[in-house]
Amino acid sequence: PLAGVPTVFAEGQGGLLDVVLSPNFADDQRIYLSYAEPGENGTAGTAVAYATLGASGLTDVKVIYQQQPKLEGDGHFGSRLAFDGQGHLFISQGERQNRPTSQKLDMLQGKLVRVDLQGNVPKDNPFVGQADARPEIWSYGHRNMQGMAFDPRTGKLWQSEHGPRGGDELNLPQPGKNYGWPIITHGINYSGMRIPEAIGSAKEGMEQPHHVWEKSPALSGMAFYTGRPGTPWNDSLFLGSLAESNLIRLSLQGDAIVGEERLLNEIGERVRDVRVGPDDAIYVLTDEEDGKLLRIEPPVAK
């Protein structure tokens, strides 16, 4: 265990959420953490901090982002972190199981936000200068974004949406766009009842998902596998599945999804995250009482 980790709201779906290396890690030894941060009177919200990584702990911890306002409850914090290579950090979040917040631009729940590496708001964010809108917001109308990554081939940001009962989505979020939750959705409540605010699966002015699963795999982390033509897994997108307890591989042609495969069914464990290592292997983290870190070597082209 590392000392110096910020105070975490470790209840329900709250806890430590993501950890990524600074784009300049070789020089600054900095890591970024997203986590559920406790507030007053039992409230909590998604937060991001960076710190210097030492041999036994974290030092120089600085909180650079806090979801506001903090709300009661222990669900739907998100969160993934992704750097665009142009000095920006994207932070995915959930709507804290308070559905209407996703459509409220004066609240940060259910929003994808963009800040710089110090947590400042870029001047070209879509809602900068708009009254009653938070300037950190990049896109809105999201439910619970638990996967996010940039496509190394194109520089496009992809995001996975953990849906209700049905309606898991992939989106390519664009600045200022509304992705519809909870007004439009392909899912229903876990109880089997319809989402109270939903009017259907489409509405003018709201974006359609790039890809949708009518039966939820319960999407979690995601990673691109590209630039490796020596394997049939080249140009794939990997996604963790919690409900199906496997790893999903999507075959890509450009942005188009042309195939879908399930891996690790024999392991039978909930997949929380997936990353690609510098050794070309794929690393998978399972979410169990005795969770595992798995290393997978891709097949070789015949």
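A residue is called buried here when its relative accessible area is under 20%, exposed when it is over 50%, and partly exposed in between (1.4 Å probe, protein chains only). The structure is a predicted model, in which local features need pLDDT of at least 70 and side-chain atom pairs count only at pLDDT 80 or more, while totals for chains, interfaces and linings use all residues. Residues are numbered from 1 along each chain as its sequence is written, and side-chain values use heavy atoms, with hydrogens and water left out.

Rings of Phe, Tyr and Trp (its six-membered ring) are paired if their centres lie within 6.5 Å, and the planes count as stacked under 30 degrees apart, edge-to-face over 60 and tilted for the rest. The count comes to 9 aromatic pairs by this rule. One of them joins tyrosine 32 and tyrosine 50 edge-to-face, with 5.5 Å centre to centre and 65° between the planes. Because tyrosine 32 lies in strand β2 (residues 30–38) and tyrosine 50 in strand β3 (residues 44–53), this pair ties together parts that are 18 residues apart in sequence. Strands are DSSP runs (E, at least two residues), numbered from the N terminus. Tyrosine 32 counts as buried at 1% relative accessibility, and tyrosine 50 counts as buried at 7%.

Tryptophan 158 and phenylalanine 224 also form an edge-to-face pair, at 5.4 Å centre to centre and 85° between the planes. Tryptophan 158 belongs to strand β10 (residues 157–161) and phenylalanine 224 to strand β13 (residues 219–225), so here the parts tied together are 66 residues apart in sequence. Tryptophan 158 is buried, at 0% relative accessibility, and phenylalanine 224 is buried with a relative accessible area of 8%.

Towards the end of the numbering given here, strand β18 (residues 282–286) pairs with β19 in the antiparallel sense over 4 bridges, where pairing requires at least two DSSP bridges between the strands. A hairpin of 6 residues joins β18 to β19, and tyrosine 283 has arginine 295 as its bridge partner in β19. Strand β19 (residues 293–296) has a covered face with Leu294 and Ile296, and an uncovered face with Leu293 and Arg295.
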